[in-house]
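Let me put the structure up, and then I'll talk you through what I got out of it.

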Amino acid sequence: MKLRAFLAVCSIAAVLALAGFAGSADQKPSQALAKISPETESCIGCHEQFTPGIVADWRKSRHAVTLPADALRKPALQRRVSAQSVPPQLGGVVVGCYECHSLNLARHKDAFDHNGFRIQVVVSPNDCSTCHPVEATQYGDTKKAHAIKNLMDNPVYHTLVSTITGIKKFEKGKISSQAPSDKTLHETCLGCHGTLVEAKGLRKVNTAMGELEVPKLTNWPNQGVGRMNPDGSIGACSACHPRHSFSIEIARKPHTCGQCHLEPDVPAYNVYKESKHGNIYESKKHTWNFSSVPWVVGKDFSAPTCATCHNSLVTSPSGEVIAERTHNFSDRLWVRIFGLPYAHPQPKSGNTTIIRNADGLPLPTTFTNIPASSYLIDKAEQDKRFAKMKGVCTSCHTTAWTMGHFAKLDNTIQETNAMTLTATQILVEAWKRGVEDKKNPFDETIEQLWLRHWLFYGNSIRYASAMSGAPDYAAFKNGWWELLLNTTAMKDTLDYKTMLKKGRK
Amino acid sequence: MKLRAFLAVCSIAAVLALAGFAGSADQKPSQALAKISPETESCIGCHEQFTPGIVADWRKSRHAVTLPADALRKPALQRRVSAQSVPPQLGGVVVGCYECHSLNLARHKDAFDHNGFRIQVVVSPNDCSTCHPVEATQYGDTKKAHAIKNLMDNPVYHTLVSTITGIKKFEKGKISSQAPSDKTLHETCLGCHGTLVEAKGLRKVNTAMGELEVPKLTNWPNQGVGRMNPDGSIGACSACHPRHSFSIEIARKPHTCGQCHLEPDVPAYNVYKESKHGNIYESKKHTWNFSSVPWVVGKDFSAPTCATCHNSLVTSPSGEVIAERTHNFSDRLWVRIFGLPYAHPQPKSGNTTIIRNADGLPLPTTFTNIPASSYLIDKAEQDKRFAKMKGVCTSCHTTAWTMGHFAKLDNTIQETNAMTLTATQILVEAWKRGVEDKKNPFDETIEQLWLRHWLFYGNSIRYASAMSGAPDYAAFKNGWWELLLNTTAMKDTLDYKTMLKKGRK
Amino acid sequence: MKLRAFLAVCSIAAVLALAGFAGSADQKPSQALAKISPETESCIGCHEQFTPGIVADWRKSRHAVTLPADALRKPALQRRVSAQSVPPQLGGVVVGCYECHSLNLARHKDAFDHNGFRIQVVVSPNDCSTCHPVEATQYGDTKKAHAIKNLMDNPVYHTLVSTITGIKKFEKGKISSQAPSDKTLHETCLGCHGTLVEAKGLRKVNTAMGELEVPKLTNWPNQGVGRMNPDGSIGACSACHPRHSFSIEIARKPHTCGQCHLEPDVPAYNVYKESKHGNIYESKKHTWNFSSVPWVVGKDFSAPTCATCHNSLVTSPSGEVIAERTHNFSDRLWVRIFGLPYAHPQPKSGNTTIIRNADGLPLPTTFTNIPASSYLIDKAEQDKRFAKMKGVCTSCHTTAWTMGHFAKLDNTIQETNAMTLTATQILVEAWKRGVEDKKNPFDETIEQLWLRHWLFYGNSIRYASAMSGAPDYAAFKNGWWELLLNTTAMKDTLDYKTMLKKGRK
């Protein structure tokens, strides 16, 4: 009797101690023993030896301990799957290696025979949509999902990409530029935007297991947000939910967004870190819960991360919905502060190659800041999206505070656009005087200073303004100070090149 | 009996587990059930629904569980309040919404009637001084508290601010500059320095609660360190103790200081992160206690944060005082390494607009580095402050180590000042030759390079030197390398502009 | 009986709670009461009062609770000491103050009499080798250990150092440069590379204990990786295992490496932070174990830090060795992506001053990228080292993934080297035209732009490429964009200086 009591107490103590530990981890297993499919057991049998890191990562994941059938039965606000049902063979086993890597094989040009199983290499958003269809659909409509096309099929941006990433040669006193290589594009722009991953037959590789035949994939590995997959789908869920942990904690932490949204051109992460929100995050995150669904303001966290404002299902402690979950990253955004070259209303479609401005160019504004309005969301839609974002802010701030904050942003957009116009006027004057050649608008000095003006400095100031704080980014660090220096440099260069041209005559 | 023993053991286990958790949080409630005033209960009644984040933040705070009467009874070294007594109505209830937002209403131009209560919006340092008078008084004497006036009422700095933040126009081949807008000043310089918050009557806002009448505040929201408040006071305690948690943990973590003290002009935070102290902080902070008072070296932390060296009450494990608490941020500083344009002894007064140098300008040194000595602390005071800082260092380092460290700083101050003098001589030569116009000393190329020389590079090297490590900031990153490049660029520009001027004749 | 059971349970609960805490700390005491030598007890007697931080740091260390005799008995994979035996007087007491500070006194010119004990100030790698001889030997062969000589005894690099860190004067329209001071060298380049610490007799210092006589050390304090110590040894273990905690946790965290390996010239840390590995580290590190030996992939961590790939003994959960521990930091590196000015195979010897390229210069390549092959490792050795690194990658990634990653790096090395060649050709043209003087290759504009081209931009792109992600560093932040701008600036400056020279004729 006494011994039994003693053991009972020990186990309670152990549970308490474990609870303390698990509270900071990402997952809370709900089943003592989850059922793993025989196929997945086979995968693990080898891979536990040959790629132990992947297997261990998965074992700690919620997928490894969740039966889809159970996940479907959760109350609406607590659900992490959006499907109404899943194929019967998936419901009763945990989400293991084989369950995902064998989905939709007929669509997968990267499917191959591997030790007795037919599997595919690249699990795609279309595969994930088996359990998460709402998320996949929302994501499919975003600029992110179209990130390759939006960059590479837009002739203006394509020229920019090529001018930057092509090897330069110096011959007979002149600089010439070559077309960039696929590998360098992959390493630079397409690292974030995503690569075209195509299966080109099979090839043999020497592995720790001996020689294996595997699909030959182009531009692989890549987890860019707009990746074009061998099954014809676009996007990469692993860009934010890496890798075999599929972690909601990682996706909700700002470091994930910060891999691509960072200075100098999109300094969202840098600005966040310097903001009051970022400061509180850094100082108190160890006491927060990044895994709970729904995500409860005040209880689970005391200051927002990127996901709080832009994506997550957020509720109050009493269970009222403050913001619905969305995987359309513009859903709470009314204005696009990333200038091209001016800040403008969000485009209607995630595919921005369809836009035509008044000059016939695929840009959301003209050189003199006339917006291509028919391709951009209207006032009513802007108001709707603004209301969603404001709803998040007012869970901690008064309406007057919130409106005061966004009034500053409105003004900042106007003033930074005005500064871009000034720079554009200097550039146009340079072209008019014939001191630079507009054929390639990115390969000469004034053109390059012009690009920096809006892409780095205009953008930085707007991001600083949008995120309550980080005055440094608006002032000295890539802010108004740099706009002053750059304006002076553009003007000096215009004068110098004009003098040079006159001298030659 | 047995059941009772069992429960007792469970509760002990629970306490132990909780202690583990609470150790990493900011607060340790000393009362099981703290008494909340009826007025604050009313506030919470609505705000728990409409701004749940604020209420939750407060509930986790020490204020929410502390009776001022109890706080006053703590032994001297453990006290977190410096008042001798508090008004009787405050002693017996926890520090809630109404307790702070109803203080000194007669002074508050932002007071208004809100659902049956008269309250003010902006709780000011004068309000906080009800319980924390020593901190408020110390802070009131600082350069921080005078940060708006020190910037905007100094004609030299005012010209700099306007030149940077005004919109530039390009017309007929010339650049002109407009006066900056209030909103952009608020978003940039005054984001840190603080804004003038005035109550201009009432206005109606549409909130989730319906239409409300609230004070119309100028330049709001803002938590700049020198904010001018609607009650006539200066400063914002929430700059470092945000927002309704009033956290000592956050104030002691370097991210808070880093919101304003960062590169390129004041890279204290950046340099700290790259220093050995910052490395140890990043690597071991999860095992430290950031909330205890006094703060015990070795026990609570193993390497200093900003607060350790500059502010906190630090004792040894045996209880000996190593440094007294101070909210005067220059109290342990003998030299001001932030050059204007040269590093110089700390000014005597927090109000630096009163300074006059030998040229009659409100700057701590002349252009040729003659200090305005009568406005700066003398050798005796410098020695006194140095001794305080040295006392902190020697709690972990030998005297020889510490003196060796500061000997480097002395030399660095001399050499960076010499480099500023060189840049100044080039600028003066440019003015002498008439290739730039000294009327506005910040609007032409050589002038701007000169500013960058000391404001970014000179300062960065000195901060790197002051904080034991971070050689990168002294070498390549905004350090000696940039001084070399900038000197070369100033000289090249001087030659070019001289040639241009001659060519025009 | 019941009371005894009760106490037993309490102590179990306490142990569990403590285990939770200790799990996140660096040490797990294996002895209830470790034996401290009488000499060390004496040290502590005073120093607990006068430098309490050091003593507390040590008390939390593994050294403070470990008997070397016990450490020697651990199974091979768990051993933290590499000695076969230790001197008998050290085996039975913990590793305390006196045990290290009294080692090899005859070699120590910094030995002195201190309150009745003869001790030395600077514990050196040779002293640490008493218990850790393999680590000391491996380290002694590295470029790190030779970091002072490699920089200061190489005439090309020495010119660079002097040009950057010497004070510049402006007189009669010309810039001249002085030789740098020892203190500024110490504060900049030698802060990381290490200083020459010599004992120059004794001097008196005023301490809290009163006047003491201590060794007069040059260039002290310093923990640079190549420090030349008063016992004639080179290196500083405390560079990575600071300071009296000798922590393996700190050495395994990337902030430690990041103190020296950071932007703009060696942006390893910056790139890591922006990579997927760095993102996972930041997001999940609170759940990892940074102190266990061996370090188990998947169990102790889910993504690598610097130490995982470059140094640590890594095993699989089943105990198979994935990588052997090494303190030779090039042991798993086949190519040196840090260009000088081109990326090249790793040098054979840690002492790189012995290298002579085809032009007779002590550089690993010529100006036109002919490698000094006889001083660099050959293909077979490159393959051997590549295989070690690949073994780490494939513990989480497939062979195809890993090879795809490194194929990108190969291409990036070629392309960035090509961009360096282009810049070099512009520089050579400038020298040929006589518009800049090659005597000092670092003191004029085109020369400085050339240096930046490879030292900052070429290097950044290669580091970004090497560390799976961080496309921003390869694209906009110090990447291809800056290469474009810099190429344009070099070409513009060449044209301008050529025109100037012609104009003068």
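**A walk through the model**

Let's start in chain C, where strand β8, residues 314–315, pairs with β9(C) in the antiparallel sense, over 2 bridges. If you want to find that pairing on screen, look for C:Thr315, which stands opposite C:Val321 in β9(C). Before I go on, please keep in mind that this is a predicted model.

So what sheet do those strands belong to? It's an open sheet of 3 strands in chain C, in the order β7-β8-β9, and the pairing is mixed. The edges are β7, residues 295–296, and β9, residues 321–323, of chain C. Each of these has a single partner strand, so one side of each has no neighbour in the sheet. And there's a helix here too: α18 of chain C, residues 379–393, lies across β8 and β9 of chain C. α18(C) runs at about 120 degrees to β9(C).

Staying with chain C, let's look at how it meets chain A. The contact involves 59 residues of chain C and 57 residues of chain A. Which elements of chain C supply at least two residues each to that side? They are α1 (2–24), α16 (276–284), α19 (399–433), α21 (471–474) and α22 (480–504). Of these, α19(C) gives the most, with 15 residues. By residue class, the side of chain C that touches chain A splits into 25 nonpolar, 23 polar and 11 charged.

Now on to chain A and chain B. Here the contact takes 59 residues from chain A and 57 residues from chain B. On the chain A side, the elements with at least two residues each are α1 (2–24), α16 (276–284), α19 (399–433), α21 (471–474) and α22 (480–504). The largest share of that side, 15 residues, comes from α19(A). As for its make-up, the side of chain A that touches chain B has 25 nonpolar, 23 polar and 11 charged residues.

Okay, let's go inside chain A. Its secondary structure comes to 22 helices and 11 strands. The chain is divided into domain 1, 32–246, and domain 2, 247–504. Taken over C-alpha atoms, the centres of those two domains of chain A are 28 Å apart. Where they touch, domain 1 of chain A puts in 26 residues and domain 2 of chain A puts in 23. On the domain 1 side, α8 (133–140), α9 (147–152) and α10 (155–165) of chain A each supply at least two residues.

Along its principal axes, the C-alpha trace of chain A spans about 105 × 60 × 40 Å. How does the radius of gyration of chain A sit against a compact globule? For 505 residues, such a globule would come out near 23 Å, and chain A has 26 Å, which agrees. Buried residues make up 55% of the 505 residues in chain A. And if you take contacts in chain A between residues at least 6 apart in sequence, 60% of them join residues at least 24 apart.

That's what I had, so over to you.

How values were computed: Residues numbered from 1 in each chain as written. Chains lettered and ligands numbered in written order. Predicted model: local features only at pLDDT ≥ 70, side-chain atom pairs only at ≥ 80, totals over all residues. Contact = placed C-beta atoms within 7 Å. Helix = DSSP H or I, 4+ residues; strand = E, 2+ residues; numbered from the N terminus. Nonpolar A, V, L, I, M, F, W, Y, C, P; charged D, E, K, R; others polar. Pairing = 2+ DSSP bridges. Axes fitted to C-alpha atoms, helices over the stretch in contact; angles between N-to-C directions. Domains from an automatic or database assignment. Rg over C-alpha atoms; globule rule 2.2 N^0.38 Å. Buried ≥ 20, exposed ≤ 12 C-beta atoms within 10 Å, placed from the backbone.
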